[in-house]
Amino acid sequence: MNAVPVTPGARPLAVRAHNIRRHALRMGQVQGQGYIGQALGAADLLAVAYFHALRMDPANPEWEQRDRFYLSIGHYAIALYAALIEAGVIAEDELETYGSDDSRLPMSGMATYTPGMEITGGSLGQGLGIAVGACLGLKRKGSDSWVYNLLSDGELNEGSTWEAVMSASHWKLDNLIAIVDVNNQQADGHCQEVLGFEPIVERWQAFGWYVQRVDGNDLDALVQAFDQARAHTAAQPRVIICDTRMGKGVPFLENRDKTHFIRVDENEWALALQALDSGSQA
Amino acid sequence: MNSQTTGKKRLTTSAMIASIAAEGQPTRPAPFGHALAALAAQRQDIVGLSADLSKYTDLHIFAKAHPERFYQMGMAEQLLMSAAAGMAREGMTPFATTYAVFASRRAYDFICMAIAEENLNVKIVCGLPGLTTGYGPSHQATDDLAIMRAMPNLMIVDPCDALEIEQAVPAIAAHQGPVYMRLLRGNVPLVLDRYDYKFQLGKAQVLRGGRDVLVIASGLMTMRALEAADLLHKDGVDVSVLHVPTIKPLDEATIIAEARKSGRLVVTAENHSIVGGLGEAVAGVLLRNGVTPTFRQIALPDAFLDAGALPTLHDRYGISTEAVVQQIKGWL
């Protein structure tokens with residue numbers, strides 16, 4: 001399926017997801033902060049994206065035939081760096097520089113800094129529109145590459161996201177797969193209190209998208225959803241709505257009172273790594 | 001009281017797409033649309049995007065010539081800019097078109113972060129710059145230069161006439177990086193053919209010499225300055241006109257050299273608010289370089305302007321030829 005295998009003898013997705021969580025926790029430890037709740041929650045969907053779905057060449061992140069992966073949520077950079085480290089695009093020891101001066105791994109993801117970071121996110125509501133243009137461009141070139149865009153539930157507040165949602169179905173962009181990370185947390189609290197997004201499935205359907213909603217921490221369900229998104233034959237864009245649990249894999253963080261930014265005390269990073277390692281089936 | 005009883009023709013709000021040409025002035029139709037269509041015949045990477053204003057930006061000429069490269073993005077300017085960024089990422093050279101108010105005010109963050117921050121090759125070409133419609137503040141981009149000048153990486157071009165637009169289109173396409181160009185559309189006056197002029201990106205050019213006054217102008221105000229210079233000549237005032245079609249980066253060397261020539265009143269003239277446009281850009285350059293001539297600005301006031309007929313408004317706000325003449329006389 002993948003034209004270029006990510007690594008020879010690829011390890012099971014559960015190991016990939018575990019390693020992504022581990023890389024992210026280590027980056028958080030370096031800085032003493034970071035959007036670790038989101039990273040732990042999104043690790044499974046990133047594992048499936050990078051180690052099951054995406055056509056890519058870790059040695060050449062700008063390979064023309066690659067599938068594009070656009071991260072519009074710049075603050076999830078810690079999660080994407082972890083995936084790129086696991087994929088071999090970024091060397092593992094570089095995670096020590098996360099968020100430091102002159103690092104290639106800034107706190108908010110930017111295309112100009114990091115190999116494999118396709119777009120500059122962070123100003124929310126821009127990624128899906130850029131993806132629409134890229135899909136049009138790829139079709140114009142006769143390319144069979146996919147464009148994936150990872151956005152967040154909070155990002156659905158932005159009107160520009162819905163301009164792009166409407167446009168993608170108008171142009172019948174069957175080379176676009178949006179992934180919405182639904183963790184129901186945004187800066188000021190629960191999404192449903194800040195600006196509710198439900199009924200999320202019906203809304204995307206009404207805009208003309210092929211919609212799947214899955215448990216975003218269930219690897220088998222994610223694999224099936226990514227496969228189905230690509231196998232779907234109708235000329236329409238696809239969205240996978242992933243319900244994820246912030247802090248997933250570290251029980252004391254999963255249960256912590258959370259908002260957008262999970263508080264982790266200085267001594268807790270090592271404990272979190274221990275908890276992750278002891279809880280993992282991998 | 002109607003016009004019959006006064007015996008005077010009452011001017012009404014100009015059509016949205018009114019030509020700025022004076023009666024009897026030579027013009028060329030839709031220079032942007034024709035130039036882009038011609039360029040696209042040679043360059044396969046050129047694509048055109050509209051936000052439901054192709055007829056009002058002359059992009060419909062391109063769309064007719066190259067329908068497969070015309071992208072109607074709908075009335076969604078944020079998407080227009082993001083999608084242009086996405087197409088540029090895939091190797092195309094998109095011309096994204098709308099009105100100047102919508103690009104500068106509504107889509108600013110999208111131009112800034114999706115396009116300029118990565119120095120992507122998107123050309124933003126916008127109708128109704130400054131005061132070129134009588135529709136009032138919703139459509140009058142009196143602040144677009146101030147807004148856009150603040151954006152790093154963005155080149156800004158303010159052409160004077162049809163000839164310059166025709167020449168600027170291939171020039172901005174050849175430039176690697178984002179460009180914002182102000183557009184005159186419809187039947188656009190033809191002026192610079194009489195001055196043996198050739199557009200050069202980033203270059204200011206002296207169109208006529210003069211001992212008494214140096215007018216530094218861009219866009220349609222260069223045309224007004226040339227007309228004013230002819231009129232002032234009859235009154236024995238010798239006016240030089242320096243045309244500055246590229247607002248950013250500014251041709252500082254030429255501006256400094258001309259302003260340094262002693263004894264002349266230096267006047268900037270722009271179709272833009274007095275805040276943050278050509279005038280203040282020139283003032284900054286001169287002061288930073290220790291050049292301090294007597295300096296005056298012809299510009300629109302820092303205000304939301306009236307609706308009405310363009311000739312009325314250009315008189316009222318000081319950018320008609322007659323108003324330029326009167327202001328310069330008052331300063332001498």
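**Figure 1. Confidence of the predicted model.** Chain B has a mean pLDDT of 95, and 97% of its residues reach 70 or more. Here pLDDT is the predictor's confidence in each residue, from 0 to 100. The model scores ipTM 0.94 and pTM 0.95. This is a predicted model, in which local features need pLDDT of at least 70, side-chain atom pairs count only at pLDDT 80 or more, and totals for chains, interfaces and linings use all residues. Residues are numbered from 1 along each chain as its sequence is written, while chains are lettered from A and ligands numbered from 1 in the order in which they are written.

**Figure 2. Chain B, its elements and its dimensions.** Chain B holds 14 helices and 14 strands. These are DSSP runs, numbered from the N terminus: helices are H or I with at least four residues, strands are E with at least two. The radius of gyration of chain B is 19 Å, close to the 20 Å that the globule rule gives for 332 residues, so chain B is as compact as a globular protein of that length. The radius is taken over C-alpha atoms, and the rule is 2.2 Å times the number of residues to the power 0.38. The C-alpha trace of chain B spans about 60 × 55 × 35 Å along its principal axes.

**Figure 3. Chain A, its elements and its dimensions.** Chain A has 10 helices and seven strands. Along the principal axes, the C-alpha trace of chain A spans about 50 × 45 × 35 Å.

**Figure 4. Helices α4 and α5 of chain A.** The axes of α4(A) (residues 127-141) and α5(A) (residues 159-170) come within 8 Å and cross at roughly 25°. Axes are lines fitted to C-alpha atoms, for helices over the stretch in contact, and angles run from 0 to 180 degrees between N-to-C directions. That crossing makes α4(A) roughly parallel to α5(A) (angles under 35 degrees). From α4(A), the contact uses A:Leu128, A:Gly129 and A:Val132. Among the α5(A) residues are A:Ser160, A:Glu163 and A:Ala168. Residues are in contact if their C-beta atoms, placed from the backbone, lie within 7 Å.

**Figure 5. Where chain A meets chain B.** Contacts join 20 residues of chain A to 21 residues of chain B. On the chain A side, α4 and α5 each supply at least two residues. Helix α4(A) gives the most, with 11 residues.

Definitions and conventions: Angles under 35 degrees count as roughly parallel, over 145 as roughly antiparallel, 65 to 115 as roughly perpendicular and the rest as oblique. Two residues are in contact if their C-beta atoms, placed from the backbone, lie within 7 Å.
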